[in-house]
Amino acid sequence: MIKVDLSNVNKEIDLVAYADKVEAINHAINEKTLPGNDFLGWAAYPETYDKEEFVRIEKAAKYIRENTKILVVAGIGGSYLGARAAIEALKGLYPEDDMQIIFMGQTMNGGYVKQVLRKLEGKKFAINVISKSGTTTETAVAFRLLKELLEKNVGVEEASKLIFATTDKEKGALVELAKKYGYERFVLPDDIGGRYSVFTAVGLLPMAAAGIDIKAFMEGAKNAMLAYNSDEINECYKYAVARHVLYKQYGYSVEMMVNYGLQFVQMGEWWKQLFGESEGKEKSGLLPDSATFTTDLHSLGQFIQDGSPILFETVIRETAPAEDVLVPHDDDDLDHLNYLEGKSLNYINSKACEGTIAAHAEAGGVPNIIIDIDRYDAFGLGELMYFFCRACAMSAYLNGVNPFNQPGVEIYKKNMFHLLGKPGYENK
Ligand code: PA5
């Protein structure tokens, strides 16, 4: 199970003072009585999820894996970050698996899109287009291009068997398209918003296609749900309260999530959207930032240690990582590394972590919340992602904002549509 260690925060965090508030909010999450209550479907989803659809997801993933070696996932924000984070964390950046998952639909950059399309030229590939609204410009443009290319490569009929649409149950342009061309459809339920959707087909189909054990992932999420939907200050709420106190009482304005592996960079991206879009409202909220150590100690380390005292760190520490490598002996020892001979890289990483926590928390005065997990495996990741969703809802409610809307995201879209001449947006 996940353990939250506050011993390196070095500030008084009076958890007991929050006991009543936490109990009331937990109740409200379970009973769905606070603003945003119609978007709480994710909270019980690890138990209530559609089992028939789950079987179809597994079947579709098998079909994809048997019929092609490339799946292109077209989606943006909550419609791709969870899947990408999970796939990179569990399969790594250079998977042994010969199934390649490519992400598109999250950018308007012509150079990136051209590069992907060039790679797919003449190939048989599968597409999972993911959009709850079905109208998100980045994703819709990407899908138009991908569909055209796939139809050219394999023909319209074969393409329709290789395209999978994850969208609303009945509304939106993507539902119409899927019906017209006979694409298999998966549902993002009405009561689950994008950034809380990793436990639905949005996250599960790309993960399963990548070869991840999604049953174990959902088991992990369920385990967390059972552990954290309680009224007391459990580990999840301990984290939520600690970050809230660091923000409100001690005036920190940035929370930096730290991981110790490059395969977890996308976990930071997923987490940033989750907390940023849920809490950044009414001119308030912590800015979520992320870093990967030891890599970023060679770039951001100076600022964290000695720069403006605006941030605290939340460090995810894997206590029993699965894979490892030993430092070999070298007769010459010209690099003076024989003192590390036979030591494992994970051991060295753990000492770097220990040393860095001491440097930042003690010498630098940067509060460090430590989240201990056994390891990033499918079960552990399901647990951790649910832990963060639940902590995020609690944190936002502690701040007095609705965790499930995102009114601020619409303004740039309106401006962009006006500038692009989209019908209906003539007046700014
Ligand atoms: O979390 C969210 O709600 C957003 O990030 C959306 O997922 C994102 O904007 C994509 O929206 P849609 O799924 O409607 O294409």
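Select helix α10, residues 214-228. At 1.5 Å a residue, its 15 residues should span 21 Å, and its end C-alpha atoms are 21 Å apart, so the two agree. The expected span is 1.5 Å times one less than the number of residues. Helices here are DSSP runs (H or I, at least four residues), numbered from the N terminus.

This is a predicted model: local features need pLDDT of at least 70, side-chain atom pairs count only at pLDDT 80 or more, and totals for chains, interfaces and linings use all residues. Residues are numbered from 1 along each chain as its sequence is written, and side-chain values use heavy atoms, leaving out hydrogens and water.

Stay on α10. Color its buried residues: I214, A216, F217, M218, G220, A221, A224, M225 and Y228. Buried means under 20% relative accessible area (1.4 Å probe, protein chains only). These residues pack against α1, α2, α3, α9, α11 and α15. Contact means heavy atoms within 4.5 Å.

Next, select D213. It caps the N-terminal end of α10, with a side-chain oxygen 3.2 Å from the backbone nitrogen of K215.

Move to α6 (137-154) and α8 (173-181). They pack at about 10 degrees, with axes 14 Å apart. Axes are lines fitted to C-alpha atoms over the stretch in contact, and angles run from 0 to 180 degrees between N-to-C directions. α6 and α8 are therefore roughly parallel, a term for angles under 35 degrees. Show F143, K147 and E151 of α6 with L174, L177 and Y181 of α8; these make the contact.

Last stop: D38, in the loop between α1 and α2. Leaving aside residues up to four places away in sequence, D38 touches D190 and D191.

How values were computed. Helices (H or I, at least four residues) and strands (E, at least two) are DSSP runs, numbered from the N terminus. Buried means under 20% relative accessible area, exposed over 50%, partly exposed in between (1.4 Å probe, protein chains only). A polar contact is a pair of N or O atoms within 3.5 Å; within protein, one must be able to donate a hydrogen and the other to accept it, and residues adjacent in sequence count only if both atoms are side-chain atoms. Angles under 35 degrees count as roughly parallel, over 145 as roughly antiparallel, 65 to 115 as roughly perpendicular and the rest as oblique.
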